[in-house]
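Please find below some notes for a colleague who is opening this entry for the first time.

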Amino acid sequence: MWRAYLYNQEITLLEEAEKVLTLDLIQRAKQLLELHYGYSSFRNGQEQAIASVLSGEDTLCVMPTGGGKSICYQIPALVFEGTTIVVSPLISLMKDQVDTLLQLGISAAFINSSLTAAETRERIEKAKRGEYKLLYIAPERLESFDFMDHLKQIDIPLVAVDEAHCISQWGHDFRPSYQRIQRMIGTMPKRPVVLALTATATPRVRQDICWSLDIDENKTVLTGFERENLSFSVIKGQDRLSYLRDFIKKNEKEAGIIYAATRKTVDQLYEQLKKSGINVSRYHAGMNDQERMEQQEQFLQDESSVMVATSAFGMGIDKSNIRYVIHFQLPKNMESYYQEAGRAGRDGLPSECILLYSSQDVQVQRFLIDQSSEPDRISQELEKLQLMVDYCYTESCLQQSIVRYFSDEDLPPCGRCGNCTDSRESIDVTREAQIVLSCIVRMGQKRFGKTLIAQVLTGSRNKKVLELQFHKLPTYGMMKEKSIKEVTDFIEFFISQEIIAVEHGSFPTLYINEKGKDVLLGKEIVMRKEAVQTKQVAADDPLFEELRNVRKLIAEKENVPPFVIFADTALKDMCVKLPETKNEFLTVTGVGQNKLEKYGEKFIDAIVEFLVQNPERKENAVKGTTVNAQTKKASPNSHLETYTFYKEEMSVEEIAEHRNLAVSTVESHLIQCMQEGMDVHMEDLIPDEYISEIESAIQQAGGEKLKPIKELLPEEVSYFMIKVYLLQNENEERVK
Ligand code: ADP
Ligand code: ZN
C-alpha cells in the first residue's frame, strides 16, 4: 500500500519533470522562431504540434494551406540533436525548400533523382557526420535498400512526412512510395518521432494516415479551416475571357494562377493572354519536363506574373505572394478547389479566389471523370462534382460552406466573400426571360443549343436560321438591339438560375425547367444583378515597388526565387514601419538575425533614400507594430508646425523633443519645407566642417543618386545632410 503510494508519487513527479522539460523546450522553440524566422508568436496550432513532437509523441498535423506547417517540423528539428528527415513528394521544389532554410541560417540539403551518384554520396556522408539539421528526401528513395542502409547510420530524431495525404488511396494524390515510409521507420536503430502533415482534412484520409504511420488518432492537431485573408467569389453568366483580361490588367503587378480543366484550354488561354500583352507562363502534363521547369521557374522568379495551368501545377509551390487564384473552369471537387484556391495568400495578406462558372463545364468534368476514374469510383466522384456545383449556386457565405464541407465547424459569415459583400443592384429581367423561353418553346425543346437560339433572337440571317424557317417565328429578332454575345450571356444566366435546363447529349441542347414554366406563366419574376466589377487586390505603393526591386536583384544574385529572400508581408511591414536602423529593421515581421545581417543594409538604404525623396511619407510611419495595425494619420501640415519652431531657432533635436517626434521625422519636415521653397538654410543643418566635403563628393559621384555620394563621405554625414545640400543648391540655381 505504502510502496504503491510512493510509486505513484514518483510517477507523478516524473510526469511533472517531463512537463517542465517540455515547457523549457517550448521556450527554446519560441526563441528559435524569433531568431531564425523573425516571427514574434506561433500561429494557431503550431505551438500545439511542436509541443507534441517535442514531448516525443507521434503526431498528425492538419492545417489549411498557408497555415504554417513547415515550422511545425523545422523548429523541432532545430531543438533536437541529429538530422530530421523530411519526406516530400515533389523533387522540383525541394531546392526552393532547402534554399529557404539556408537563407534563414539553417543547414539543410535534399537528396533526389536530380543529383548525380557522387553528389548523393557526398550528401549522405555529410548527413552521417551530422552536418545538416534537415534532410529532404523523395519517397522513391525509400525503394532502395542501399539507401535505407545509409539512413540507418544517420542520427534521426524526427521524420516529417509532408503532404501526408499522398499515403492514402482516398486522398487525391496517392503515391505508392509513401507506403514505404513506415518500413523505413521500423528499421531505424532508434525509433524517431513521426510527424505527418497535410491540408486535407476529410476524416477518411486522416484515419488512413494515422493507420499507415501508426499514429494515435488522438494525437491529431487540427486547426480551423477558415482562411481569414482569402475572399472567395463565384462569377456566373459573364464573358469569362473579358472578365479575366480585365482582372489581370487591373492587377498587373501582382502574381496569380489561372486554373483550367483541360490542357487545350490552358494552351488557348495562354495564347490569348499573351496576345493581350500579358506576361504569362503555362504548365500542364502535356509539356515536356524541360518546358515545364522553365515555365515554373519564370513564374516563381517573378519574371511572369500569371501562370495558366491545369491542376498538375502547384503542389508544394511555396511562392507565398500569390495574390489571386482564378478558376477559369469548374474544378472536379471541393478538395481540389480548396487546395488550389488556397495557394493564394500564403503570406497572410488579403487575396482573391474567384471561380468563373459556366454550366457547360459540368459536362467537361463529367467527361473527365468518366475517362479517368476506376468504374467503382465514378458514382462517388459524380457525387463530389454535384457538391462542387452546389457551391457555385449557394447564396450564403462561401467560406462558411467550404469549411462546412470539410468539418463540422460552424463559422459565422466571413464578411469578405462574394456573397457576403454583394451589394449590387438587382434589375428585373422577367420580360427578357419570357422572350427567351418562348423562343425555345417555338424552336422546339431539347433540339438546339444557345448559339442558334441567340441568333434567332437577334434576327441573324445565318443560313441555318433561314433553312429552318426560324425567321418566320414571332420571336425572331425580338432582341435585335442586343449582340449575340449579350443574349448568350443572358441564356447562361438563366441556366445558372435553373430557369432553363441543359440536356447533355452529343452536344448540349436547351429546354425549360419547372421554374421556367412559372416564369413564362408570369408566376415568378427573375432578378439579375448588374455585371460584377473586377477588383484590384492591392493598392500601388511606390516604396513597395522599390523594395520589390531590391529583393529581385538580391534573388537574382543568389539564384533563388524572390519570396525566399523575403515574403511580401515583410516588405509591406517595412513600408509601414519604415525602419532606418538595424534595430528597427529587426522588428519587421519575417526578419531574423540571419536575414538582418545578410540583407538589412540593402533594404535600410533603399528605405532611407526613399524617405529623403518622399519626406511626406514619414507622417504615416508606425514603428513597432505590424502590417495590419491601423496606421495613424498625421495632419498634412505637420511640417509647417516644425517650420515655426525652426524659425524660432530651435535645433532639430530640440524640435523633436518638444513635439515628441522622431528626429528623422523632423528632418523630413525640413526637407519638405525646402522642397516647398521655404526659408530653410543648410548652414543651420549641416556642421561647417562637412560642407566642402559634401560638395566634392557630389562633384565626384554626380548629384543623381544619394548612395554613391554617401559612400564617399565619413559615417557621420547623414543622408539628410546630403539631401539638404542638394536642395539648397537646386533652390539657388532656380533663383539665378
Ligand atoms: P503550409 O505549408 O501550411 O502551406 P507554410 O509553412 O509554407 O504553410 O507557411 C506559410 C507562410 O506563413 C510562410 O510564408 C511562413 O513563413 C509564414 N508563417 C509561418 N508561421 C508563421 C508565424 N508564426 N508567424 C508569421 N508567419 C508565419
Ligand atoms: Zn462570406
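**Notes on the model**

1. The site of the zinc ion (ligand 2) is tetrahedral, with angles of 101 to 119° among its four donor atoms. Donors are N, O and S atoms within 2.8 Å of the metal (3.2 Å for Na, K and Ca), and water is not among the atoms, so sites may look incomplete. Four donors count as tetrahedral if all angles lie between 85 and 135 degrees. For four tetrahedral donors the ideal angle at a metal is 109.5 degrees.

2. This is a predicted model, in which local features need pLDDT of at least 70 and side-chain atom pairs count only at pLDDT 80 or more, while totals for chains, interfaces and linings use all residues. Residues are numbered from 1 along each chain as its sequence is written, chains are lettered from A and ligands numbered from 1 in the order in which they are written, and side-chain values use heavy atoms, with hydrogens and water left out.

3. Which residues hold the zinc ion (ligand 2)? The SG atoms of Cys-397, Cys-414, Cys-417 and Cys-420 coordinate the ion at 2.3 to 2.4 Å. Along the chain these donors follow the spacing C-x16-C-x2-C-x2-C. Helices (H or I, at least four residues) and strands (E, at least two) are DSSP runs, numbered from the N terminus. Cys-397 and Cys-417 are both buried, a term that means under 20% relative accessible area (1.4 Å probe, protein chains only).

4. On the chain as a whole: the protein chain has 32 helices and 17 strands. Its C-alpha atoms fill a box of roughly 95 × 95 × 60 Å, taken along the principal axes. Of the 736 residues in the protein chain, 53% are buried. Contact means heavy atoms within 4.5 Å. Among contacts in the protein chain between residues at least 6 apart in sequence, 71% join residues at least 24 apart.

5. The domain assignment, automatic or from a database, gives domain 1 (2-222), domain 2 (230-406), domain 3 (427-528) and domain 4 (542-735). Between the C-alpha centres of domain 3 and domain 4 the distance is 64 Å.

6. One open sheet has seven strands in the order β3-β4-β2-β5-β6-β1-β7, with parallel pairing. Two strands pair if DSSP finds at least two bridges between them. At the edges are β3 (108-111) and β7 (220-222), each of which pairs on one side only. From one strand to the next the twist averages 20°. Strands β5 (residues 158-161) and β6 (residues 193-198) run parallel and are joined by four bridges; Leu-158 has Val-193 in β6 as its bridge partner. Helix α2 (residues 46-54) packs on the sheet and touches β1 (59-62), β5, β6 and β7, its direction making about 165° with that of β1. Axes are lines fitted to C-alpha atoms, for helices over the stretch in contact, and angles run from 0 to 180 degrees between N-to-C directions.

7. Is Ile-215 buried or exposed? Ile-215 is buried, with a relative accessible area of 5%, and lies in the loop between α8 (203-213) and β7. Ile-215 and Leu-60 are 155 residues apart in sequence, yet 7.2 Å apart in space, C-alpha to C-alpha.

8. Another open sheet has six strands in the order β8-β13-β12-β9-β11-β10, and the pairing is parallel. Because β8 (230-236) and β10 (280-283) stand at the edges with a single partner strand each, one side of each is left without a neighbour in the sheet. The twist averages 15° from one strand to the next. Val-325 stands opposite Cys-353 in β13. Helix α12 (residues 334-341) lies across β8, β9 (255-259), β12 and β13, and runs at about 150° to β12.

9. Helix α15 is largely enclosed by the rest of the structure, because seven of its nine residues are buried. Among the buried residues of α15 are Leu-398, Ile-402, Val-403 and Phe-406. The elements covering the buried residues of α15 include β8, α12 and α14.

Methods: Four donors count as tetrahedral if all angles lie between 85 and 135 degrees; four count as square planar and six as octahedral if opposite donors are over 155 degrees apart and all others between 65 and 115; anything else is irregular. Buried means under 20% relative accessible area, exposed over 50%, partly exposed in between (1.4 Å probe, protein chains only).
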